[in-house]
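Me: I am new to this structure and would be grateful for a close look at a single part of it. Please begin with that part and then place it in its wider setting.

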Amino acid sequence: MADHSADILVASEICKSFPGAKALDNVSFSLRAGEVHALLGENGAGKSTLIKCMTGAYARDSGALMLSGSTIDPRDTLAAQQLGIGTVYQEVNLLPNLSVAENLYLGRQPRRFGLTDNRRMNRQARELLNGYGIDIDVTAQLDRYSVAIQQVIAIARAVDLSGKVLILDEPTASLDSHEVAMLFNVVRSLKKRGLGIVFITHFLEQVYEISDRITVLRNGRLVGTHDTAELPRKQLISLMLGRELAQTEHLARMTSANAGEIRFRFSNFGKRGKIKPFDIDVKAGEVIGVAGLLGSGRTETAEVLFGVDHADSGRAEIDGKPVRIGSPRAAIEHGFGFCPEDRKSDGIIGDLSIRENIALALQARRGWSRPLSRAAQNELADRYIKALDIRTTDREKAIRLLSGGNQQKVILARWLATNPQFLILDEPTRGIDVGAHAEIIRLIEDLCDQGMSLLVISSELEELVAYSSRIIVLRDREHVAELQGERISAGAIVEAIAASRLPEDA
Amino acid sequence: MNSKYLPLIATSVIFVVAYALCTMQYPNMLSTRVVGNLLTDNAFLGIAAVGMTFVILSGGIDLSMGSVIAFTGVFLAVILQSTPIHPLFAFVLALAITTAFGALMGAIIHYLEMPPFIVTLAGMFLARGMAFVLSIDSIPVNHDFYGVLNGLYYRLPGGGRLTFIGGLMLLVFLAGIVIAHRTRFGTNVYALGGGTQTARLMGVPVARTTIQIYALSGFLAGLSGIVFSLYTSAGYALAAVGVELDAIAAVVIGGTLLTGGAGFVGGTLIGILIQGLIQTYITFDGTLSSWWTKILIGLLLFAFILMQKGILLLSGDKRKFT
Amino acid sequence: MNQDLKALLVRLSPQLIALASILLLIFMMFPSFFNIGIQNGRLYGSLIDVLNRGAPVALIAIGMTLVIATKGIDLSVGAVIAITGAVAASSAVAGNSLAYTIVLALGTGLLCGLWNGALVALLGIQPIIATLVLMVAGRGIAQLITEGAILTFNDEGLIFFGSGSLAFLPMPVVIWVVFGLLVALVVRRTALGMLVEAIGINRRASMLSGVRTSVLLMAVYALSGLSAAIAGVIVAADIRGADANNAGLWLELDAILAVVVGGNSLLGGRFSILGSLIGAMIIQAVNTGILLSGFPPEFNLIIKAAIIVVILMIQSPRAATLLEFFRKAPESVKERT
């Protein structure tokens, strides 16, 4: 671009594949000294893979890395650190049980007569942190301090060790606005010192507040790099979420949707610290779409509805009768089903077979003493393997050996086997290949036609627009808009997400 | 108040209150004679517990300690009975063997990525088996040098005796405290207990530290075996059964988190003293039976595990507000 | 069904081969090993002795298998054997009826298991730590019941469980075989087995699928307590008394070993009770073999250590990659030259 000589870190044409998925496809990225460069994209876009390739945590398949003009090839993050690339993660990568000073100087404590000189170490730590504008008791255990302070300590350590490039991976995810301001002051002063800073976040306000340039990734590909000042917010969101937004129109699914009765009614439902109280009415045979950026409260909404997080306000009604949903088990009793976003940790039982994974929820509902016979399990498994076109050699294969899309279908089958009335799908099409993607969308539409009610969370806006009869838009852990009928379009969703905050917040 | 000191303070308060209650009932228990005996009788346990503290601080466990103590005792007895080697040299030999043994376990734990529980379980069987191979019978040790060491003591005001082995235990605790808080190795031990993955990312040499920790534990188990040999003047393969459990109990009652990462070597000393106090009280009482020791220690263990759980929950919540 | 049987045999083949080769080794040294005779309406012989002596470990291995399948461990079973043995003995001494004594002893074991289960499932304490409490305190409680003495009894009914025989087989053998088959059948014929495996592999995903994880965890620890209680009654009946100090001493370690030898992963998940039972018999066969060959019985410990090391080698993920590396190394050398 404009001035290559100022580029401190250049990654060119990086590729990285994992079994069954291409995580990075020819992605190039450059960072200038003294700039804050925001790296944006939805989950699975390849942000963290790119970071890990640049810090040596992953070995890249191909592509080159240059730091200050010379080619580098860090073996691991420690090597990258010594070369000058420091990283600070959202979950602070420090040791909570050590003192602040010990965290700053771990492995390089000053020594005198063979013993660590704690007094000197503490003094140095205090001076180092004073440079970042914080004055705290450095002998206290790290976990006594707020995450914001811990982040600054982590930054101080990384800069002290590395000093050329600082990568901030969602450092503000759990901070309040006051803390973010403090952190940004630190970032600005580091920028003045000439460090190149990569900033990953999903808060667009923060991107516009702090960054000089923006690089957007989607599905492992580079979408583009722009100067922040020249990229309007709406255009940024459409870069992040989808291709030709304005063109996709709502495919008139309301005919069938509006016919149903209201079956599930949640009023003033919410949980403090997770999601602000909201109202949702779900009709028989309709798909409610839920849209919002990462961290806006999408998954939290699903988890409160399904009883994973016990709602602390509001009430739930089914067919007009009040019900209590205190646990997933209770939700399942009432005909709910839930396909979680994180398949690996929340969905699959890796070592069990496809058959067992499909039978699990139905079996759990029946209780241990009324087992499904082997024949019934086989029948169930075969039926769904066929119906959902699960690609496998046989039903006894361990589910962890399947590809992401097929795992997702198995989890779907697990719920369909319980014959649910209300199915919650959290990112059902994430991380699966194009073919399976289309099949899952067709399946959603079929289920809806059969009279099932669905709530689908997705960051693929076109997809939501295609099958939803209503779309709820989330921002900052709050339901901010509900789009209906002709008002449903990707553009309208982006508009609702991008709408500036309410006056009192601004 | 820093919550990391809470278990230590609780232990200290329990010890002081318990001791006060004991002396109210039996004023004799306040004498330096009782204190001296308490230190002497628990010297071998205390030294082993220092090693166990380091292992537990790092998030591991060492089940082999009791067996290593027994092995050392038998080894010394056999070698002193059948060769003219000076005990001091035999001590060095024993320590070299047990240290290498510990290092080997540490290496297996790290390089084979197996849980310390199962690796040190094998070590436990192996060490006791080797002790049996050396000798099945109890062998007395009658070396003059033992008499000399056992005759060494410092007379405390009030007539109590701080014996050689009691003093050695206190020295080991002192050294343990210095190692834990004033060396890079000590900080690395805490770092491993805080999270191996994070520690590795922060540059802690995980392999070296793990091997060093179990080597230290083996060394101290060997030292404890030497002290046990001095204390009983005999070597017996069936001796010191279950010492590792007493050591674990002392470590936990001393305020160290069983999951690792938090605790103090000094707290373990108080844990040892509490166990000793319960035994002394039962001896003084005369009517109470010895099994109350186990039950009380079990209850204390439970109380401390609950307290640690509570503190973890509280500190998890507190972070949001500070 | 036939296919399942085949799969089971494949799954258990290493254990069966190990057991067969140990027995063969003993047979080669002591041809009389397989001699079985009948005296007083009961089978006698070294082989029967292996089955009989292995009863306590086999019994607690049954419960331990399920506990380990949930990613847990139960260190307290040895202490529970001491407690329940003491309870049975003191009840017999007090002149209670046999049924009352048995119910009391088994109930006590169940209670101990529920206590462990509550600490693990409800308070969320790590299993190794939670069961340590009862391991430390348990022997004290047992001594409290026996008042420190070895409590002997001569209730013929109770003694029958230790030295009686049924259908030519010693009672302990009958009990562990029946109990083992019963539990294996129950967990496989109901959905328990699958749900337990699901919890061990992924507790959160199981909970999200509606599995009652806490209740099942409690049940599994309760079963472990019950297994230990049955073993406790047998051990007490065998020596016609309760020895609070030595009954069940270190048996928890033998049981864990049996489970691991049986091919079950210490990290939870898929389990086989039959495998653990064969594992228990392997350990006992080694014991008996050493005894017969005139080595001091203590030699056993070294053998056990060796067994653990071998298993570590087999189970360790790192060892597997190392092995592969060595296997591949010569090939790559070849390629280069």
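Which strands of chain A does helix H18 (residues 490-498) lie across, and at about what angle does H18 run to S21(A)?

Reply: This is a predicted model, in which local features need pLDDT of at least 70 and side-chain atom pairs count only at pLDDT 80 or more, while totals for chains, interfaces and linings use all residues. Residues are numbered from 1 along each chain as its sequence is written, with chains lettered from A and ligands numbered from 1 in the order in which they are written.

Helix H18 of chain A lies across strand S15 (287-291), S21 and S22, and runs at about 25 degrees to S21(A). Helices (H or I, at least four residues) and strands (E, at least two) are DSSP runs, numbered from the N terminus. Axes are lines fitted to C-alpha atoms, for helices over the stretch in contact, and angles run from 0 to 180 degrees between N-to-C directions.

These strands belong to an open sheet of 6 strands in chain A, ordered S18-S19-S20-S15-S21-S22, in which the pairing is mixed. Two strands pair if DSSP finds at least two bridges between them. At the edges of the sheet are strand S18 (336-339) and strand S22 (478-484) of chain A, each of which pairs on one side only. From one strand to the next, the twist averages 15 degrees. Strand S21 (residues 470-475) of chain A is joined to S22(A) by 6 bridges, and these two strands run antiparallel. Within that pairing, A:Val473 has A:Ala481 in S22(A) as its bridge partner.

Chain A contains 18 helices and 22 strands. Taken along the principal axes, the C-alpha atoms of chain A fill a box of roughly 75 × 50 × 45 Å.

Chain A also touches chain B: 19 residues of chain A are in contact with 22 residues of chain B, where contact requires C-beta atoms, placed from the backbone, to lie within 7 Å. Helix H2 (77-83) and strand S8 (115-116) of chain A are the elements that give two or more residues to the chain A side. That side has 8 nonpolar, 8 polar and 3 charged residues. In this classification Ala, Val, Leu, Ile, Met, Phe, Trp, Tyr, Cys and Pro count as nonpolar, Asp, Glu, Lys and Arg as charged, and the others, Gly among them, as polar.

Chain B itself has 14 helices and 4 strands, and its C-alpha trace spans about 65 × 55 × 35 Å along its principal axes. The contact between chain B and chain C takes 35 residues from chain B and 31 residues from chain C. On the chain B side, helix H6 (116-134), helix H12 (243-253) and helix H14 (291-318) each supply at least two residues. The largest share of that side, 12 residues, comes from H14(B). By class, the chain B side of this contact comprises 26 nonpolar, 5 polar and 4 charged residues.

Helix H9 (residues 192-201) and helix H11 (residues 213-239) of chain C pack at an angle of about 105 degrees, with their axes 11 Å apart. H9(C) is therefore roughly perpendicular to H11(C), a term that covers angles of 65 to 115 degrees. C:Leu195, C:Val196 and C:Ile199 in H9(C) meet C:Thr213, C:Leu216, C:Leu217 and C:Val220 in H11(C). This contact has 6 nonpolar, 1 polar and no charged residues.

Methods:
Two residues are in contact if their C-beta atoms, placed from the backbone, lie within 7 Å. Angles under 35 degrees count as roughly parallel, over 145 as roughly antiparallel, 65 to 115 as roughly perpendicular and the rest as oblique.
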